[in-house]
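I opened this notebook to keep track of what I looked up around the ligand and in the pockets. The entries follow the order in which I went through them.

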Amino acid sequence: MTHSIKFWAVVPAAGVGKRMNADRPKQYLELADKTVLEHTLLRLLQADIFTAVAVAISEEDPYWSELTVASHEKIIRAKGGKERPDSVLSGLHAISDQAADDDWVLVHDAARPCITTADIHHLINALVDDEVGGILAVASADTLKNVNANNILGTLDRTHIWRALTPQMFRYHSLKTALESTVGNPAITDEASALELQGLQPKIVEGRPDNIKITRPEDLALAQFFMTQQ
Ligand code: C5P
């Protein structure tokens, strides 16, 4: 029997964001009138495509329950994990009794509040008939060097280099299997790398370069600027 494919979002939001040097995790810093995490979740909900959005939150997190969006009917709280892939797996477990193996899951960083509805739908439209899935990415504008300490070992061929963004879109079962089999591997810094290790070949879909990840203090002002331009 066939069923209609559903779309789920998983948002890892249990990081501490050390590089921000702030008094709280970066997803709780203010950006215009809301926290970074509220912007991110509201934008995912606005896309109007997800059955639910599972958000991985640290158990010691004192900020989450203060957010209005925490009680939204489509938001499911999951337990944050030790590393990002553990948080994503926890989000997948939180929807395990509702998600079918071939449903699509879009994993999106809590720290990327500038994601647009158009980019979410662009990714979905490009990959919905694909076997494996793939990710939003942007071509590298800079020349990239392979270095050891401050010695340049080589120059990468820029025509083959893309920067991986999120959302990253994969089938529920294959994403869960890939993450479970790579638990603890420090080379897994995004979902695609876990699937690549399974011998699969995710696709890239060109995304907007303003879908930045808040990482350093100056990124907040940049994100605010992008939001006013969008
Ligand atoms: O630290 P980084 O910017 O790479 O984190 C990317 C995303 O993963 C952030 O949204 C962060 O909150 C999340 N994360 C998580 N659990 C961890 C570490 C990071 O959910 N243990």
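The entries below begin with the ligand and then turn to the pockets.

**Entry 1: the model.** I note at the start that I am working with a predicted model, and that every value I write down here is computed from it.

Entry 2: I asked which residues come nearest to the ligand. There are 15 residues around the ligand, and among these Pro12, Ala14, Lys26, Lys82 and Ser87 come nearest. Sorting this shell by class, I wrote down six charged residues, five nonpolar ones and four polar ones.

**Entry 3: polar atoms facing the ligand.** I then went through individual atom pairs, starting with the backbone. For Ala14, a backbone N or O atom lies 2.8 Å from an oxygen atom of the ligand, and for Gly15 a polar backbone atom is 3.0 Å from an oxygen atom of the ligand. I next looked up how much of the ligand is covered, and found that the ligand taken alone exposes 460 Å², of which the protein buries 85%.

**Entry 4: the largest pocket.** Where does the ligand sit? The space that the ligand takes is the largest pocket, for which I noted a volume of about 920 Å³. Its lining is made up of 35 residues, and those nearest the centre of the pocket are Ala14, Gly15, Val16, Glu83 and Arg84. By class, the lining of the largest pocket holds 13 nonpolar, 11 polar and 11 charged residues.

**Entry 5: the second largest pocket.** My last stop was the second largest pocket, whose volume is about 470 Å³. It is lined by 20 residues, and Arg112, Arg163, Ala164, Leu165 and Lys213 are the closest to its centre. Strand β10 (162-171) and helix α6 (218-229) each supply at least two residues of this lining, and β10 gives the most, with six residues. Divided by class, the lining of the second largest pocket has eight charged, seven nonpolar and five polar residues.

Terms used: Residues are numbered from 1 along each chain as its sequence is written. This is a predicted model: local features need pLDDT of at least 70, side-chain atom pairs count only at pLDDT 80 or more; totals for chains, interfaces and linings use all residues. Side-chain values use heavy atoms; hydrogens and water are left out. A residue is near a molecule or strand if one of its heavy atoms lies within 4 Å of it. A polar contact is a pair of N or O atoms within 3.5 Å; within protein, one must be able to donate a hydrogen and the other to accept it, and residues adjacent in sequence count only if both atoms are side-chain atoms. Accessible areas come from the Shrake-Rupley method with a 1.4 Å probe; for residues, only the protein chains shown count as cover. On a 1 Å grid over the protein atoms alone, a cavity is a set of points where a 1.4 Å probe fits but cannot get out, and a pocket is an open set with protein on both sides within 12 Å along at least five of seven lines; lining residues have an atom within 4 Å of a point. A molecule sits in a cavity or pocket if more than half of its atoms lie within 2 Å of its grid points. Ala, Val, Leu, Ile, Met, Phe, Trp, Tyr, Cys and Pro count as nonpolar, Asp, Glu, Lys and Arg as charged, and the others, Gly among them, as polar. Grid points are joined across faces, edges and corners, and a volume is the space filled by probe spheres set on the points. Helices (H or I, at least four residues) and strands (E, at least two) are DSSP runs, numbered from the N terminus.
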